[in-house]
Amino acid sequence: MTAFFPFLTVFLIPMVFGVGLLVIPMSALRKSSIQIVKSSPILAAIGAFTVFLVEDINSICTEWLAAAETMCVGFEKSAILIVLFLTVGFYSTLIIYPEYFTRSSTKLLGFMFISFAAANVAILTNHFLMRYIALELVGLSLVGISLLHTISNGIPWRNAGLMFLNFKIGDLGLLSSILFMHSKTLSFSINENLTQAIVFPSSARSVIIFCLLVSIWVKLAIWPLNIWLNTSSSLFPGIRSWFTHLLLPVLGVYLLYRSTVLIQSNNAYAITVFLFINLALLINEIQYFFSSSQGRISSELHLFSFSCLVLLATRVDQHTFWAYMVLWVMVSIIVELCKPRNDKPQRKNHEITKFLYLSSQFLFLGFLMLVIWKISQLHIIGPFAYVIVWIAWWQNVFRFIQIPNAEKDQGETGFLDKAKLKLFLGASICSVFCLLVLIFTAESLTSYFKHRPVFLFPREFIFPEIIFFIISFWAGFLISILIKSFYGIKRNEINQFQKRLNTFLPQHLHNKTIKPGTFSKDPLDFTNRLSNSIISIFQFIYNQFERSGIEKMIYAINRVFKYLFERIERFTSADLWVRILHSVTGSSKSVQKAHTGLLRVNLLWMAIFILILIILVISFNFQSYLLFV
Amino acid sequence: MEIQEFLVSSVLLVKVFTALLLFAFGKLTKSIAKYVALIASLISLGFFLSYLPTLQQGISTPIGLEFLPELGIELSIKIDWLTFPFLLTEEFVTLFAIIYAFGGVKTDERSHFFYGFLLLFSAGMSGTTLANDIFLFYIFWELMLIASSILVLNWGESIKRSAVALKYFIITHLGSLLVLIAFMILYTQSGGDNFSALRESVQDNPETISMISIFFLLGFAIKMAIVPFHIWLPDTHAEAPMPVTIMLAAAMLSMGTYGILRFPMSLLTVQQFSQFSLPLMVFGVVSEFYGSIMALVETNIKRIIAYSSVSQMGYILFGLGTITSLGVMGATLHVIYHAIVKALLFCCVGWIIQAVGQYDINSIRGLKGKMPLLTFCFVIGSLAISGVPVLALFNSEWLIFSGGFQTQFLVLALIEILGSILTVAYIMRLAGALFFIPGNELPINQVHVSIKVSTVALAILTIIAGVFPKPLYDYVANELPLILGGGW
C-alpha cells in the first residue's frame with residue numbers, strides 16, 4: 001500500500017495548513033475555512049488509522065540534505081499509535097478551547113498545526129537528523145507562539161528569548177549525540193545507531209547518554225532545564241495544555257523510550273539517572289513549595305509523572321516501558337480532556353470537578369509510585385531514592401488539600417458534607433476502575449504491537465500488597481482532609497500556615513504554664529520548629545539559587561565580559577589608532593620643520609633598502625633562475 | 001579565443017574596465033554611475049553563470065598570458081570547482097551591495113569614484129579567486145585591500161575614518177606580507193608561479209612545508225579576522241559605508257578561507273596538513289566564543305554584527321581544521337551561507353540606521369510595529385544565524401559539527417556546538433531590543449526602496465538556500481578532489 005495517504009494526512013496537510021495560516025493575512029480567511037482547517041485532524045486520525053488496516057506499508061523518502069543519506073518517514077505501527085494518540089489530543093485541544101483558535105488568532109493556530117505536523121514526523125522517522133529537525137521545529141513553534149503572545153499581551157520578550165535558548169540547549173544536546181553516534185557508525189538510522197551504541201566504549205556511551213538526556217530533560221521540563229515551562233505559564237490555556245502537557249512530554253518520553261536500552265547498558269548510567277531524577281524531583285518540590293494554585297499544582301503533578309517515567313526507564317525493559325508510555329499518553333489525554341476550565345465562569349460543582357481531576361492524577365501517580373517502589377527494591381539505593389519520591393508525593397497531597405480553601409470563601413465546609421463525600425468515594429472507585437481498564441488496554445496494545453506480552457504490575461507483587469497500598473493511599477488522602485478540616489486551615493500559602501501554627505501553638509503552650517523563652521519539650525512544637533527550619537533552608541535555596549541564581553550568574557558573567565571588552569577590545573579600537581596617527585603625523589611634521597627634506601631622504605633610503613632586498617633575493621636564487629631560463 | 005575563455009576573462013575584465021571607464025569619464029557619468037556599476041556586475045554574474053555548464057562537463061582550461069617568461073612568470077586565470085563557491089559569493093554580494101548603494105550612499109560629485117572603487121574591490125576579489133598563479137593572485141589580493149581601504153578612507157561614516165582605514169590597511173597588509181613571504185619561498189623553490197607547479201615543488205622540499213604553511217595560515221587568518229588577528233574588523237565594519245561593509249563581511253572575509261583551501265590545503269596531503277588540525281580547531285573555537293561574547297556586550301548595532309562575523313569565521317576555521325570531508329565541505333558551504341545571512345543582517349541594520357538614525361542598541365526600541373517587513377527579514381536572518389533548520393546556515397553548521405566529531409578531539413567538537421548557544425544569545429538580545437521590547441518612540445525616516453529590495457531579496461534567498469540545499473551541496477562537493485590531494 002502506498003504510504004502517501006497517511007503521509008498526506010498526518011504531515012503534509014497539517015504543515016500546509018500551518019504555513020498557510022501564518023502566511024495568509026487574517027482578513028483573507030473566512031470563518032468556514034478556519035473550521036475546515038480545525039477539522040483536518042480528523043483526516044489525520046483516519047490516515048493514521050488506515051495504517052493499521054494493511055499488513056505492509058512502504059516509506060516516503062527524500063534526499064533533502066545530500067550528506068545526510070536518504071531521509072524516510074516510515075509507518076511502523078507502534079509509532080503510528082502514538083501519532084494517533086497525539087492526533088486525538090490535538091483535536092481535543094482545538095475542541096475544548098475553541099475561543100482561542102478563531103479567525104482572530106490564525107497565527108497561533110498556524111504554529112499549532114506546524115508543531116503537530118513536525119511532531120508526527122519526529123515520531124515516525126527513523127532518520128536521526130530528520131528527527132532533530134522536526135523536534136527543533138516543534139520548539140520553534142512554541143517560541144513563535146510565545147512571541148505572538150508577547151506581542152499581543154505585552155509580556156516581556158525575555159520569555160520568548162529564554163524559551164528559545166532553553167530549547168536550543170536541548171536541541172544541541174540531541175544534535176551532539178546524533179553526530180557523535182554518526183561519527184562512529186557513519187549512519188543516521190536511529191535503530192542502527194542505538195543498537196551499535198550499546199557496544200561503544202564506556203566514555204563514548206557516557207557522552208551520548210548525557211547529550212540525549214539533556215534533550216529529554218528539556219522536553220520533559222525537568223530541573224534544571226525547565227525554564228521554558230515557567231515562561232510558558234503565561235500562554236493561553238489551550239496552547240499551554242497542548243505543548244506542556246501533551247506534545248513536548250510525549251516527544252520527550254518517546255525519546256526516552258528509544259534511549260532506554262542505552263541508559264540500561266551500564267548499571268552506573270542507570271543509577272546516575274536514578275539519583276539525578278530524585279534530585280530534580282526534590283528541587284521541583286522546592287520550586288513549587290509555596291504554590292497552591294490549581295494550575296501550578298497540575299503542572300507539578302505532570303512533572304512528577306515525567307520523573308516517575310524517567311525512573312522507570314532506568315529499571316524496566318524497553319517493551320515494558322513502551323506499555324507504560326502508552327498508558328501514560330492515554331491517561332494524559334483523558335486528564336486533559338477532563339480538565340476543569342479556570343478561564344471560564346465557574347459551573348455548579350466546579351470544586352468537585354477540580355478535586356476529582358486532581359485526585360485522578362494522584363491516583364495515576366500512586367500507581368506509578370507503586371511500581372517504582374517495587375522496582376527500586378531491586379537495587380541497594382532504591383529504597384533511599386524512593387523516600388524522596390514518597391516525600392514529594394506527600395508534599396503534593398498536602399498542597400492539594402489547600403486548594404479548595406485557597407480559592408474559596410473561608411466559610412465553606414469543604415468536602416465533608418455527606419453528598420460530596422459520597423460523590424468523591426463513588427468517583428474514586430470509578431477512577432480506580434478506569435485506571436485498571438487503561439492498564440489492561442496498554443498491556444494489550446503492547447502485546448499486539450510488540451508481539452510480546454507485558455505485565456505492568458511488577459511480577460514480584462502479591463495481591464495483599466496492592467490492596468494495602470490502595471487502602472493506605474485513599475486513607476492517607478481522607479485523613480489529610482480531615483486534619484485540614486479539624487484545624488480549619490484557610491490560607492493558600494504554606495508559609496502562612498506555618499506562621500499561624502507558630503503563633504497558635506506557643507499561645508496554647510503558654511496557657512499551660514510554659515514560660516516564654518524556655519525550651520518546649522512538646523513534640524509537636526519540636527516538629528514545628530524543624531519544619532520551620534526546613535522551610536527556611538528551602539526558602540534560602542530558592543532565593544539564592546533558583547529565583548535570583550540565574551540573574552546573579554548572568555551578572556557575574558556580564559562583569560567578566562565587560563572587563564574583557566573594555567580592556568582588550570577598547571585597547572585595540574580605533575581610538576588607539578587615531579592617537580598613533582596623530583603622533584606619527586605630529587612627529588613627522590616636527591621632524592620636517594627641523595630638518596627640511598629629511599622625509600624625502602628617508603623615503604630614498606627606504607627605496608634603496610627595498611632594492612637591496614630584491615637584489616639579495618634574486619642573487620641567492622640566481623643559479624636556479626639561470627637553470628630555469 | 002574560445003567562448004569559454006571569453007567567459008572566464010569577461011567575469012573579471014568587465015568590472016575592471018567599467019571601473020576604469022568610471023574613473024576616466026566620471027564627470028560625464030556620475031549621475032548614471034550606479035546604473036553602470038549595476039549593469040557591469042550583472043553582466044559579470046551572467047558570464048560566470050554561463051560558464052557553469054562548461055564546468056559541469058569537467059572542462060576547466062586555464063587562460064594564460066606570458067608576462068615575464070625569463071622569470072617563469074605567467075599570468076593565468078581559471079575557474080575550477082574550488083573557485084566556484086567563492087566566485088559565486090563575490091558576484092552575488094557585489095550585486096546586492098550595489099543595489100543597496102542606490103539608496104544607501106548619496107549621489108554626489110564623487111559617486112563615480114565610489115562605484116568605480118566598489119567594482120575594483122569586487123574585481124580584486126574575483127581576480128584573487130580566478131588567479132591560477134601566485135603573481136596574479138597577489139596583485140589582485142592587494143588590489144582588493146587598496147580599493148577597500150580607499151573606500152573606507154573616503155566614504156567612512158565618521159571622522160575616525162582615516163585612522164580606521166590606516167589600521168585596516170596596516171594590519172591586513174601584515175597578513176599580505178606573510179602570504180608574500182610564503183609565495184617567495186614557493187617561487188624560489190619551484191621557479192614558476194603556476195599553482196600546478198607549486199604542489200610538485202612543495203612535495204620535493206618537505207623541509208619547508210611547516211614554515212610555508214605557518215606563513216600562509218597566519219596571513220589568511222588575519223584576513224579571516226580570527227582572534228587575536230581580528231582587531232581590524234569591528235572598526236572597519238562599523239566605519240565603512242554600508243555597501244562596503246556588506247562586501248567586507250560577506251565576501252572579503254571568505255578570501256582568507258579561499259586562501260587556506262587554495263594554498264596550504266591544496267599543496268599538502270592530509271598527513272602533512274594534519275599537524276595544523278588541532279591549532280586550527282582551537283583558534284576556531286576561540287574565535288567563535290570570543291566573537292559571540294563581544295557581540296553580547298557591544299552596544300553599537302553595526303559592531304554587534306561585525307563581531308558576529310568573527311564568531312562565524314571561527315566556525316569556518318574549525319571546519320577546515322577537522323580535515324574531514326564533511327568539515328571542509330561544511331566550511332565552504334558556510335562561506336556561501338554566511339555571505340547571504342550576513343549581507344541580510346547588515347542590510348537590516350543599514351535599514352534601521354537610515355530609518356532612525358541611531359546606532360546604539362539601547363536607544364532603539366519597538367520597531368516591530370512600525371516596520372513589519374524589516375522585522376520579518378531580521379527574524380529570518382536571526383533564526384538563520386542561530387542555525388535553525390530549513391534556513392541557510394543550518395546545512396553548513398551541522399556538517400562542520402559532524403566533521404568535528406569525526407576527529408579525535410571530541411571535547412573541542414562539544415565546545416564548538418555549545419558555542420552556538422552564545423550565537424543564539426547575542427542575536428536574541430539584538431532582535432529583542434530592536435524589535436520586540438517596547439520603548440521610546442523614535443521618528444521613522446523614509447528608507448530608499450533599493451535597501452528594502454536588497455533586504456527582502458536576501459531574506460528570500462536565505463529561505464530558498466535552506467529549503468533547497470542539495471544543488472549547492474552537489475556543486476561544492478566537486479571541490480573535494482582538489483583539496484589535500486583528494487585523499488579523503
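Modeller: A term to begin with: a disulfide is a pair of cysteine sulfur atoms within 2.5 Å. Over all chains, the structure holds 1 disulfide. Please keep in mind that this is a predicted model, in which local features need pLDDT of at least 70, side-chain atom pairs count only at pLDDT 80 or more, and totals for chains, interfaces and linings use all residues. Residues are numbered from 1 along each chain as its sequence is written, chains are lettered from A and ligands numbered from 1 in the order in which they are written, and side-chain values use heavy atoms, with hydrogens and water left out.

Colleague: Why is the link of A:Cys61 to A:Cys72 called a disulfide?

Modeller: The two sulfur atoms are 1.9 Å apart, and the cut-off is within 2.5 Å, so the pair qualifies. The link of A:Cys61 and A:Cys72 is right-handed, with 100 degrees about the S-S bond. Strands here are DSSP runs of E with at least two residues, helices are runs of H or I with at least four, and both are numbered from the N terminus.

Colleague: What makes A:Cys72 count as buried, partly exposed or exposed?

Modeller: Buried means under 20% relative accessible area, exposed means over 50%, and partly exposed is in between, using a 1.4 Å probe and protein chains only. A:Cys72 has 22%, so this residue is partly exposed.

Colleague: Which residues does A:Ser215 touch?

Modeller: Contact means heavy atoms within 4.5 Å. Not counting residues up to four places away in sequence, A:Ser215 touches A:Gly170, A:Leu174 and A:Leu255. A:Ser215 belongs to helix α8 (residues 202-219) of chain A, and its relative accessible area of 0% makes it buried.

Colleague: What makes β1(B) and β2(B) a pair?

Modeller: Two strands pair if DSSP finds at least two bridges between them. Strand β1 (residues 63-68) of chain B and β2(B) have 5 bridges, in the antiparallel sense. In that pairing, B:Leu68 stands opposite B:Ile73 in β2(B). The hairpin has 4 residues between the strands, and B:Gly72 takes a positive phi near 75 degrees there. As for cover, 4 of the 5 residues in strand β2 (residues 73-77) of chain B are buried.

Colleague: Where is A:Leu186 found, and is this residue buried or exposed?

Modeller: A:Leu186 is in the loop between α6 (157-185) and α7 (190-197) of chain A. With a relative accessible area of 57%, A:Leu186 is exposed. Its phi is positive, about 55 degrees, although it is not a glycine.

Colleague: And why is B:Ile323 called buried?

Modeller: Its relative accessibility is 11%, so B:Ile323 counts as buried. B:Ile323 lies in the loop between α15 (301-321) and α16 (325-356) of chain B, and has a positive phi of about 50 degrees although it is not a glycine.
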